[in-house]
Amino acid sequence: MKRIMITGALGQIGSELTGKLREIYGAENVLATDIRPSDDTSGPFEILDVTDAQKMHDLAKDFGADTMMHMAALLSATAEEKPLLAWNLNMGGLVNALEASRELGMQFFTPSSIGAFGPSTPKTDTPQDTLQRPTTMYGVNKVAGELLCDYYYQKFGVDTRGVRFPGLVSYVAQPGGGTTDYAVDIYYKALEQGSYTSYIDKGTYMDMMYMPDALQAIIDLMEADPAKLVHRNAFNVTAMSFEPEEIAASIRRHIPDFQMNYDVDPARQAIADSWPDSIDASAAKQEWGFKTAYDLDAMTADMLEKLKVKLQ
Ligand code: AKB
């Protein structure tokens with residue numbers, strides 16, 4: 001049985017990942033940690049600032065963790081507003097989590113992102129191995145992080161694994177500080193107000209994935225036979241690519257008079273413009289059987305159904 005420690009457990013991915021891992025591996029085997037206190041009593045929880053290397057090491061050791069899932073990070077838009085904080089938190093947290101994994105012999109997972117690509121990367125069907133010269137602090141962190149994870153595997157034999165997530169959509173926790181967040185906000189506003197004002201311009205394609213598929217991808221990659229992994233880290237994964245008009249059209253199939261307006265935020269639009277329109281996930285499919293269950297319309301139907309209950 002695994003003993004898993006999660007950082008950033010109250011974040012967008014962490015808050016659902018914790019529950020899913022507790023279902024599979026047993027609540028007592030999953031230690032959730034975050035910088036904020038939690039009111040979730042479903043299993044062990046500890047306060048952790050990921051820049052505190054000693055505390056991270058001690059918590060993992062005392063828990064007897066054999067797996068580290070490092071999710072704590074600032075997202076792209078916030079990182080652009082606070083670049084130095086992003087460097088210190090995103091890189092400092094990552095190197096601390098890798099060091100704890102090296103010292104304690106833990107398997108390791110951390111997400112990279114489509115943000116690891118930049119304007120000179122091929123824009124459509126972006127290959128697994130390609131040019132990566134991102135122009136955002138978040139992207140710089142992600143590329144450096146991908147390389148650092150490869151380094152810890154090659155140099156120290158740490159079993160590091162990871163994916164490049166696209167925008168993740170979920171009805172449980174709100175993302176906060178990302179560029180792709182509009183694709184979550186839009187469902188809330190569609191139900192609450194019947195309209196949405198998008199800060200991302202029409203015609204801007206970005207990859208996206210529904211949270212259940214993202215969680216399954218993490219579990220499948222962590223369980224994958226290491227002999228089959230050529231890449232190990234930073235696998236391109238995606239379920240769909242759409243632009244704002246397409247998600248609006250998908251919502252109109254359920255809410256026919258849904259109105260879409262635009263008030264483009266130049267900062268987040270510039271980030272979106274520097275990212276691919278669509279990425280190629282064939283390496284993940286070949287090496288560990290990556291698959292998804294939700295396309296745009298299936299995601300929209302589920303989001304609206306679940307959010308209707310949540311917002312009541
Ligand atoms: C963001 O928008 O910053 C994230 C991401 C794609 O990494 N959702």
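**Close-up views of a predicted model**

**View A. The shell around the ligand.** By class, the residues that form this shell in the predicted model comprise five nonpolar and seven polar residues, with no charged residue among them. The ligand is surrounded by Leu 75 and Ser 76, by the run Ser 113, Ile 114 and Gly 115, by Phe 165, Pro 166 and Gly 167, and by Pro 175, Gly 178, Thr 179 and Thr 180.

**View B. The largest nonpolar core and Ile 6.** The largest nonpolar core contains 91 residues, and those with the most contacts inside it are Ile 6, Met 68, Val 169 and Val 237. Beyond its neighbours within four places in sequence, Ile 6 is in contact with Gly 14, Leu 17 and Thr 18, with Val 30, Leu 31, Ala 32 and Thr 33, and with Met 69 and Met 71.

**View C. The two sides of helix H2.** Helix H2, which spans residues 53-63, has Met 56, Leu 59 and Ala 60 as its buried residues. Because these buried residues fall within an arc of 95° when H2 is seen down its axis, they line one face of the helix. Gln 54 and Asp 62, on the other side of H2, are exposed. The cover over the buried residues of H2 includes strands E1 (4-7), E2 (30-34), E3 (45-47) and E4 (67-70), together with helix H4 (83-104). Just after H2, Gly 64 adopts a positive phi of about 70°.

**View D. The annotated span.** An unreviewed UniProt entry places the feature "domain: NAD-dependent epimerase/dehydratase" at residues 4-236. In the model, the span 4-236 is 41% helix and 17% strand, and its end C-alpha atoms lie 24 Å apart.

Definitions and conventions:
Residues numbered from 1 in each chain as written. Predicted model: local features only at pLDDT ≥ 70, side-chain atom pairs only at ≥ 80, totals over all residues. Core = buried A, V, L, I, M, F, W, Y, C linked by C-beta atoms within 7 Å. Buried ≥ 20, exposed ≤ 12 C-beta atoms within 10 Å, placed from the backbone. Contact = placed C-beta atoms within 7 Å. Near = placed C-beta within 6 Å. Nonpolar A, V, L, I, M, F, W, Y, C, P; charged D, E, K, R; others polar. Helix = DSSP H or I, 4+ residues; strand = E, 2+ residues; numbered from the N terminus. Arc of directions from axis to C-beta. UniProt positions renumbered as here; feature names shortened; annotations may be inferred.
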